[in-house]
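Hello,

Here is the structure I promised to hand over. Please look through it first; my notes follow below.

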Amino acid sequence: MSDGFVTVAKVGEIPEGGVKVVRLEDQGVAVFHVGGKYYALEDVCTHDGGPLAEGPLDGYLVECPRHGARFDIRTGAVRALPATAPVPTFAVRVTDEEVQVAYESYDETRPVPPAPTWPAAGDAPGARSARPDAPSGASPAREAASAPAAAPLPGGEAAGPSQQQFAIRAALETVMDPEIGLSVVDLGLIREIVVEPGRTQVRMLLTTPFCPYAPQLVEEVKLAARSVVDQPAEVEILPDPWSPDLMPDPGLLGFSF
Ligand code: FES
């Protein structure tokens, strides 16, 4: 190992769409090869320890073989319940035909990645700065895994979102805008989730004022909310215009860097 990177495979060893599990100081790390790039994340589902590399891969989403939680291999972000916390990821580089992972010495006392959270009230939408409580010295990839991957907070409540709101948000990560191919959460369309006795309300934007997929999206958002909290769900379409600045990670659009 040098400069924090360790070789885990030769270029060509992991086929496109494939994965290799390596053990680094007793820690399983799954190295995926998708779209010509490599992605590494801990091979441990944050729900109950399932071996992620043994689950099916659908594009950039890997599904835990135990209970079906899905994670984005690029960021470690949760894309489907029952997991709610992201999987730590590691930076990967290709040097001299070797695939190398930035691996910090495994330390059982290392900080447990926090559950995904929404930015505090007043944070600029789309801000990507490191969390103020991020462990010093954490790798960018690890920070990315523990950073908020979410839409702005519900309602500006000082107490932060509830577990139900977290769970609904995670369910909404499976609702895809069919035109853009990103979830309504990744697009920053979900602006507020209110859970009250007898009613769930989701306030959201549309990417365009007369989006032809709006009725479909609204129905899928309602279904996702009801799948988490079994009570009527309403969707309010906000009149505000959408822009990529509202996305937690505008880079997902592929042209924002
Ligand atoms: S252990 Fe992965 S979904 Fe339960």
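**What I found**

Of the 257 residues of the protein chain, 39% count as buried. A residue is buried if 20 or more other C-beta atoms lie within 10 Å of its own, exposed if 12 or fewer, and partly exposed in between, with C-beta atoms placed from the backbone. This is a predicted model: local features need pLDDT of at least 70, side-chain atom pairs count only at pLDDT 80 or more, and totals for chains, interfaces and linings use all residues. Residues are numbered from 1 along each chain as its sequence is written.

The protein chain holds three helices and 14 strands. Helices (H or I, at least four residues) and strands (E, at least two) are DSSP runs, numbered from the N terminus. Take contacts in the protein chain between residues at least 6 apart in sequence: 59% of them join residues at least 24 apart. Two residues are in contact if their C-beta atoms, placed from the backbone, lie within 7 Å.

**Sheet β12-β13-β14**

This is an open sheet of three strands, in the order β12-β13-β14, with mixed pairing. Two strands pair if DSSP finds at least two bridges between them. β12 and β14 (233–237) are the edge strands, and each pairs on one side only. On average, neighbouring strands of this sheet are turned by 15 degrees against each other, direction ignored. Axes here are lines fitted to C-alpha atoms, for helices over the stretch in contact, and angles run from 0 to 180 degrees between N-to-C directions.

Now the hairpin. Strand β12 (residues 190–196) and strand β13 (residues 199–204) run antiparallel, joined by six bridges. Two residues lie between them. G198 sits in that turn, with a positive phi of about 90 degrees. Two opposite pairs are worth a look on screen. E196 stands opposite R199 in β13. E192 stands opposite R203 in β13.

**Helices α2 and α3**

How do these two meet? The axes of helix α2 (residues 163–172) and helix α3 (residues 214–228) come within 9 Å and cross at roughly 140 degrees. The two are therefore oblique to each other. Angles under 35 degrees count as roughly parallel, over 145 as roughly antiparallel, 65 to 115 as roughly perpendicular and the rest as oblique. The crossing of α2 past α3 is right-handed. A crossing is left-handed if the near helix is turned anticlockwise from the far one by less than a right angle, and right-handed if clockwise.

On the α2 side, the contact uses Q164, A167, I168, A171 and L172. On the α3 side, V221, A224, A225, S227 and V228 meet them. The residues of this contact divide into eight nonpolar, two polar and no charged. Ala, Val, Leu, Ile, Met, Phe, Trp, Tyr, Cys and Pro count as nonpolar, Asp, Glu, Lys and Arg as charged, and the others, Gly among them, as polar.

α2 is mostly covered, with eight of its ten residues buried. Those eight are Q165, F166, A167, I168, R169, A170, A171 and L172. Their cover includes β8 (78–80), β12, β13 and α3.

**Sheet β1-β11-β10**

A second open sheet of three strands has the order β1-β11-β10, with antiparallel pairing. Its edge strands are β1 (5–10) and β10, each pairing on one side only. Neighbouring strands of this sheet are turned by 35 degrees against each other on average, direction ignored. β10 and β11 pair over four bridges in the antiparallel sense. V92 stands opposite V101 in β11.

D96 counts as exposed because 8 C-beta neighbours lie inside 10 Å. E97 counts as exposed with 11 such neighbours.

Best wishes
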